[in-house]
Amino acid sequence: MTTPDTQRPRAGSDILRTALRRNLGAMVWGTVLMGLYQAGETAFPIALGLIVEHTMQDRSLGSLGLSIAALAVIITTVSLSWRFGMRVLQKANTTEAHRWRVRVAACGLQPVARDVDLKSGEVLTIATEDADQTADIIEVVPLLISSLVAVVVSAVALGLADLRLGLLVIVGTVAIMSILSVLSRRIGSSTQEQQARVARAGAKVADLITGLRPLHGFGGNHAAFRSYRKVSTEAKLQAITVAKVNGAYAGTALALNAVLAAAVTLTAGWLTFDGQISIGELVMAVGLAQFIMEPLRLFSEMPKYVMIARASAERMALVLTAPPVTTPGPERPAAGGDLELDCVRYGTLRDLKFQVPAGEFVAIAAYQPRAAADLASILAVNVPPDAYEGAVRVSGQEFADLSIEAVRAHMLVNPYDGEIFAGTLRTNIDPCGTSRSVPEAVEASMLTDVVALHRDGLDYGVRDRGANLSGGQRQRLSLARALAADTDVLVLHDPTTAVDAVTEQLIARNVAKLRRGRTTVVITSSPALLDAADRVLVLDDGVITAEDTHRNLLATDADYCLAVAR
């Protein structure tokens, strides 16, 4: 079922409209309070002018006391309205940024991948920086309106003193905004390019962290560092360009605002000298000329922030509007665990055909690692059904007719490089905390020595990517997680490549025992796992070339013996 919150926006402008519509109440309150703040700020120089005007005429302590009380009310109003106005707006801003971060993250976690040409590091940048900058629109609009209120009140007050002063403020504000709107477009395009380059640098870092150990293994870390430095330098140069454009924008805005304030002050001074306005009105005009620089600064900066928010929203739209790679079927797999591949052609696989009845433990000895990887990708539904020829069936139903989420709940494919997350051994084995077979999974995967090694047992802390575990410990932890899921069909891809031969023997026996009666497929060249299987399928050159028990194949097939004997 699709809710309003999960409907996909069509473009960056739609994302901004959604954010504004969703926070309309908070923005109304924020606008009222910030408008009150700006009105109070504007009232302060007006009150000073009136105090000077009447105090000089009346010269009474009562009038002076009343004036001081009026100033106290204005100051209190300014303080409280700013405090509560910004509280309302920043709460709404933070909440909206959180919503978009969750939306972008949800897209990456959906069972069906999206057809978007972005790496994980780029998506991370979009889910953080771009989500925050998009949500800034919630603060920008109320501040823009409240700044406009201050400019209008100032223009009206000065116009009451002398029409020329009011017109000068209005004409000057329109001229400033017209000039700055041209510069703001350059900021938007430059910022969008900077965000793209920073995202690419983040993606490069993510790739390097993932491949850090292999890079060290063959001495490629220096070349990788040079590659990252090039990408990071491009991001730096673009950031400098954006800083120059921002500096030019801010400098131009400040200079124009100062020119307008000086023009108002000089005009008021000339009118006073000519006797057309009073001393009190001159004090008010000078005070407003100084005050108006702040709302004008805010008012003139708003187009820049609008363009930045729009650029960020357009980048989020790249993820949120990307179509799914495939459209899955609505059905769910029936009970049972048989698995069938019927003339599948994909990558290195050529008319691959085999069947695993429910409850059987089958090992697949793939002579070419690429063929094993292609087979695992298809079974994990990482490859859309329409991207390969033939059919894959689970419980007699084709993948194309089934919900991908339901397939993955029914059949788990555990990759050879299963990710380890920061947390504890327990949270890595049972992330949802619902598995009833954690002890059995720990014992079957021979993770017991790791648990016994630490005082905290299963609550032992694991660093990101399992940095404080050895390669064999990480692999056994990944295997324990797969076994604890207790799915109807389990596919393991090279689950014991990083463990010693003795441990591998024990794991093979334990897995066969724990999975007895449920369908299990192991893609491996491990003699221990091949021997533990009910049947071995030999995958060579993309097709099944032999089928028998491990020991019979060793006795009758020289190529098999050469490929798997250690």
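## Strand β3

Strand β3 is mostly covered, with six of its six residues buried. Buried means under 20% relative accessible area, exposed means over 50%, and partly exposed lies in between (1.4 Å probe, protein chains only). Helices (H or I, at least four residues) and strands (E, at least two) are DSSP runs, numbered from the N terminus. The model is predicted: local features need pLDDT of at least 70, side-chain atom pairs count only at pLDDT 80 or more, and totals for chains, interfaces and linings use all residues. Residues are numbered from 1 along each chain as its sequence is written, and side-chain values use heavy atoms, with hydrogens and water left out.

The side chains of β3 split by direction. F361, A363 and A365 point one way. V362, I364 and A366 point the other way. All of these residues are buried. Strand β3 runs parallel to β10, and four bridges join them. There, A363 has V522 of β10 as its bridge partner. Strand β3 also runs parallel to β11, through five bridges. V362 is the bridge partner of R535 in β11.

## The six-stranded sheet

Strand β3 belongs to an open sheet of six strands. The order is β6-β9-β10-β3-β11-β12, and the pairing is mixed. Two strands pair if DSSP finds at least two bridges between them. The edges are β6 (411–414) and β12 (543–548), each of which pairs on one side only. From one strand to the next, the twist averages 20°.

Strands β9 (residues 489–493) and β10 (residues 519–523) run parallel and are joined by five bridges. V489 stands opposite T519 of β10.

## Helices on the sheet

Helix α11 (residues 369–379) packs on the sheet. The helix touches β3 (361–366), β6, β9, β10 and β11 (535–540). Its direction makes about 150° with that of β9. Axes are lines fitted to C-alpha atoms, for helices over the stretch in contact, and angles run from 0 to 180 degrees between N-to-C directions.

Helix α16 (residues 471–485) also packs on the sheet, touching β6 and β9. The direction of α16 makes about 175° with that of β6. Contact means heavy atoms within 4.5 Å.

## L479 in helix α16

L479 lies in helix α16. Its relative accessibility is 1%, so L479 counts as buried. Leaving out residues up to four places away in sequence, L479 touches N414, S445, L492, P495, I507 and V511. L479 and V442 are 37 residues apart in sequence, and their C-alpha atoms are 8.7 Å apart in space.

E139 is found in helix α5. Is E139 buried or exposed? E139 is buried, because its relative accessible area is 16%. Apart from neighbours within four places in sequence, E139 is in contact with M86, L89, Q90 and N93.

V156 lies in helix α5 (residues 137–161) too. V156 counts as partly exposed because its relative accessibility is 49%. L148, V152, V156 and L160 form a nonpolar surface patch. Together they have about 390 Å² of accessible area. Patches are made of residues with over 30% relative accessible area and no salt bridge; like charges are joined within 9 Å, nonpolar side chains (Val, Leu, Ile, Met, Phe, Trp, Tyr) within 5 Å. A salt bridge is a side-chain nitrogen of Lys or Arg within 4 Å of a carboxyl oxygen of Asp or Glu. Accessible areas come from the Shrake-Rupley method with a 1.4 Å probe; for residues, only the protein chains shown count as cover.

## Positive phi values

D351 is not a glycine, yet its phi is positive, at about 50°. D351 is found in strand β2 (residues 349–356). With a relative accessible area of 40%, D351 is partly exposed.

S395 has a phi near 55°, a positive value in a residue other than glycine. S395 lies in the loop between β4 (389–394) and β5 (397–398). S395 counts as buried, because its relative accessibility is 12%.

## Whole-protein totals

The secondary structure comes to 20 helices and twelve strands. The protein has 566 residues, and buried residues make up 45% of them. The accessible surface comes to about 27700 Å². Carbon and sulfur atoms hold 59% of that surface.

What share of contacts between residues at least 6 apart in sequence join residues at least 24 apart? The share is 80%.
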